Amino acid sequence: MLKNLKVRSKLALSFGISILFFIIAIVAANIGLSSVLGGLEDFYDTPYPMVESSLEAQTSTRKIQLNMYRAAVATDDATAQALLDEIDGVAAKMNTALDTLRASYKGDPSLLTTLNNAADDLAAARQSALDYLTSGDKDNAIVVLNGEYAQAGTAFSEIVDKFIAAAQTEADTYYESGHSIKNICTWTLLALAAFCLVFTVFM
């Protein structure tokens with residue numbers, strides 16, 4: 001049928017079909033890019049803040065412990081008080097990080113419950129050590145730091161590590177999904193290009 005068409009008609013038909021394929025290619029590429037962008041937004045909404053806040057919480061825990069040790073062995077009251085005052089700010093940053101972690105986590109609620117319990121135990125041990133330091137009982141403060149606080153800190157860190165692992169798993173899922181979408185778009189565009197070429201040659 002195409003052989004009976006005039007050259008002008010053939011060119012118009014070929015051009016029209018080429019434009020159609022071009023539009024299809026643009027739509028396919030746009031869908032792929034939108035899917036990848038959606039995955040990237042999800043990554044910054046969930047795994048990224050989970051890891052960032054988890055690391056902040058762990059860092060704050062270690063810094064508070066170090067400051068309390070330093071306050072316990074400080075040779076003058078001014079230095080010890082300055083270290084204790086700094087703990088309040090670090091504890092506030094830690095609480096903010098935990099709030100971010102709770103808000104960004106979308107997994108098993110029981111893990112959040114475990115985190116809350118571990119954070120409460122850690123806060124109680126911290127307050128116990130601070131009470132001893134404030135009253136000048138440095139020996140008992142060190143006992144708490146080496147015992148109750150160290151145990152609570154280890155348990156807390158292990159729980160937070162589970163959140164980091166969950167974030168890593170979710171990030172891997174987003175990466176694999178984006179890679180699959182990229183492959184689908186590539187093969188779709190190649191198929192369209194091949195079909196358009198074949199159609200043009202045999203037009």
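User: What pLDDT does the chain average, and what share of the residues score at least 70?

Analyst: This is a predicted model, in which local features need pLDDT of at least 70 and side-chain atom pairs count only at pLDDT 80 or more, while totals for chains, interfaces and linings use all residues. Residues are numbered from 1 along each chain as its sequence is written, and side-chain values use heavy atoms, with hydrogens and water left out. Where pLDDT (the predictor's confidence in each residue, from 0 to 100) is low, the predicted coordinates should not be read in detail. Here the chain averages 81, and 84% of the residues score at least 70.

User: How is a pair of aromatic rings described, and which residues form the pair here?

Analyst: Such a pair is described by the distance of the centres and the angle of the planes. Rings of Phe, Tyr and Trp (its six-membered ring) pair if their centres lie within 6.5 Å, and planes under 30 degrees apart count as stacked, over 60 as edge-to-face and the rest as tilted. The whole structure holds one aromatic pair: the rings of tyrosine 105 and phenylalanine 163 have centres 4.8 Å apart and planes at 65 degrees, so the pair is edge-to-face.

User: Are tyrosine 105 and phenylalanine 163 buried or exposed?

Analyst: Buried means under 20% relative accessible area, exposed over 50%, and partly exposed in between (1.4 Å probe, protein chains only). Tyrosine 105 has a relative accessible area of 11% and is therefore buried, and phenylalanine 163, at 0%, is buried as well.
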